[in-house]
Amino acid sequence: MAIIRPDDKAINTAAEHYGLTLDDEARREWPALIDGALGSYDVVDQLYADEATPSPISREHTVPTASENPLSAWYVTTSIPPTSGGALTGQRVAIKDNVTVAGVPMMNGSSALEGFTPSRDAAVVTRLLAAGATVAGKAVCEDLCFSGSSFTPASGPVRNPWAPQREAGGSSGGSAALVANGDVDIAIGGDQGGSIRIPAAFCGVVGHKPTFGLVPYTGAFPIERTIDHLGPITRNVHDAALMLSVIAGRDGNDPRQPDSLEVGDYLSTLDADVKGLRIGIVREGFGHAVSQPEVDDAVRSAAHSLAEIGCAVEEVSIPWHLHAFHIWNVIATDGGAYQLLDGNGYGMNAEGLYDPELMAHFASRRIEQADALSETVKLVALTGHHGITSLGGATYGKARNLVPLARAAYDAALEQYDVLVMPTLPYVASELPAKDVDRATYITKALGMIANTAPFDVTGHPALSVPAGLVNGLPTGMMIIGKSFDDATVLRVGRAFERVRGPFPTPADRSSHSAPQFSLA
């Protein structure tokens, strides 16, 4: 099996890229030398075909009609039965469409991946099926997952079940909308800048970004290896803890996971007494330029309500919180351009299980469909290319060297407090933009809400969004942050708050005017 050889034009392009000057002699000699070097590529290609290529499988799936998919939250629907019984028996789960389900089409919200069908189940899918869950389908996500709103998918915007003219949030918008609407019991989301917690907050459900490395990312489409997370989106904290118990742990194929990873017990202490726990309300998480005062008030009130059950609640200042977003922005932009785009999702220079079939498909499609990419992905491409080429990637290096300082600032606060809290988002879900919205507004609406969520993707701390209350009839979320790998305490505090808050309404309650009344703003 011989791979394609570069022609003279391709060799000249490569030489120009690296600043090489090829004289006539070099132009004559290099093709044969390159051909010889590519002999190893031929061998690897054949070995992979003989020894490691996954066998294609077919699973039934359906593209739902508009009437079957009123929120545009499903990409395809399935009914994949569990492989055995377990903790999730009887649960229907939606899988975010950046996560592979073998034999089921995958689009990752983008025309650049359309037409691809994976041959492997992601590690989390294997674990969910083994625990008794039924995979009900693939949930729509943002174009290559680079948006916090829900209007960039190539298949069309995902609508919020609380108000269909408003955003569901992103990039896991389909997952959160389906859970909130009662179409599934639980869902898998992905989070690189807040993409589990953002739609959870906008849709009035629970979203947990686990500690970095706790849940294997194997089989999910990456953005940047150091900020990739998968986690649960559920109706309540108990289900999030139950789901995390199933999907957490090393799989041996993900370099994001530490060798010494130990999975906690997220259920046995979930309902334990929280009396005496210390809650730090992070001052810098409030009062942003785009913050709605009513949202800030609702979250402060929610946090202080924990004092009713014996928690010590007080404010704390972490100035690095305002810096951490900018550190994340450089890493996500340069790293995204380098790995997501130029690296065709997986990049190089790391161990782990790759998806060569996906890489090859995306490599051709992303050039053919470049103009159809979302404006947020184009922003990453154009800014990140400048950062990598003109700036030599040095700013990325500086940002990575600043990560330990940002992490240490949160860790210092977490020495004084068991958890930290702040608004998940600065405002409630806004109306979906018109198709002809100007580019600057597009970018702002897609990324303007991530100042509180993004920092914890780069520091890796666990962060849980729980519904704090209703503001002008729409959900708002409180984010609870804990020590790395102490997801159990984060979930325990979230569960305790649920008990204080009482039952949270659903979109159906709102439409029937039977929603519980909250004292929160």
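**Close-up views of a predicted model**

The residues lining the largest pocket divide into 22 nonpolar, nine polar and four charged. The model shown in these views is predicted.

**View 1. The largest pocket and its lining.** The pocket holds about 1,800 Å³ of space. Its lining counts 35 residues. Nearest the centre lie Tyr-18, Tyr-41, Asp-342, Asn-344 and Met-348. H1 supplies the largest share, six residues.

View 2. Asn-344 is among the lining residues nearest the centre of the largest pocket. It sits in the loop between helix H9 (320–341) and H10. Phi of Asn-344 is near 50°, a positive value in a residue other than glycine. Relative accessibility is 15% for Asn-344, below the 20% limit, so the residue counts as buried.

View 3. Ser-72 belongs to the loop between H3 and strand E1 (74–80). With a relative accessibility of 25%, Ser-72 falls between the 20% and 50% limits, so it counts as partly exposed.

View 4. Gly-170 and Ser-171 are joined by a cis peptide bond. Omega is about 5°. Ser-171 is placed in the loop between strand E5 (163–167) and H5.

**View 5. Helix H5, buried along residues 173–180.** Eight of its eight residues are buried, so the helix is largely enclosed by the rest of the structure. Two glycines, Gly-173 and Gly-174, are among the buried residues. After H5 comes Gly-182, with a positive phi near 80°.

**View 6. Packing of helices H7 and H15.** H7 spans residues 237–247, and H15 spans residues 487–501. The two helices pack with their axes 9 Å apart, at an angle of about 160°. Angles over 145 degrees count as roughly antiparallel, so H7 is roughly antiparallel to H15. Their crossing is left-handed.

Technical notes. Residues numbered from 1 in each chain as written. Predicted model: local features only at pLDDT ≥ 70, side-chain atom pairs only at ≥ 80, totals over all residues. Heavy atoms only, no water. 1 Å grid on protein atoms, 1.4 Å probe; cavity = no way out; pocket = protein on both sides within 12 Å on 5 of 7 lines; lining within 4 Å. Points joined across faces, edges and corners; volume = space filled by probe spheres on them. Helix = DSSP H or I, 4+ residues; strand = E, 2+ residues; numbered from the N terminus. Nonpolar A, V, L, I, M, F, W, Y, C, P; charged D, E, K, R; others polar. Buried < 20%, exposed > 50% of the residue type's maximum accessible area, 1.4 Å probe, protein only. Axes fitted to C-alpha atoms, helices over the stretch in contact; angles between N-to-C directions. Parallel < 35°, antiparallel > 145°, perpendicular 65-115°, else oblique. Left-handed = near helix turned anticlockwise from the far one by under 90°.
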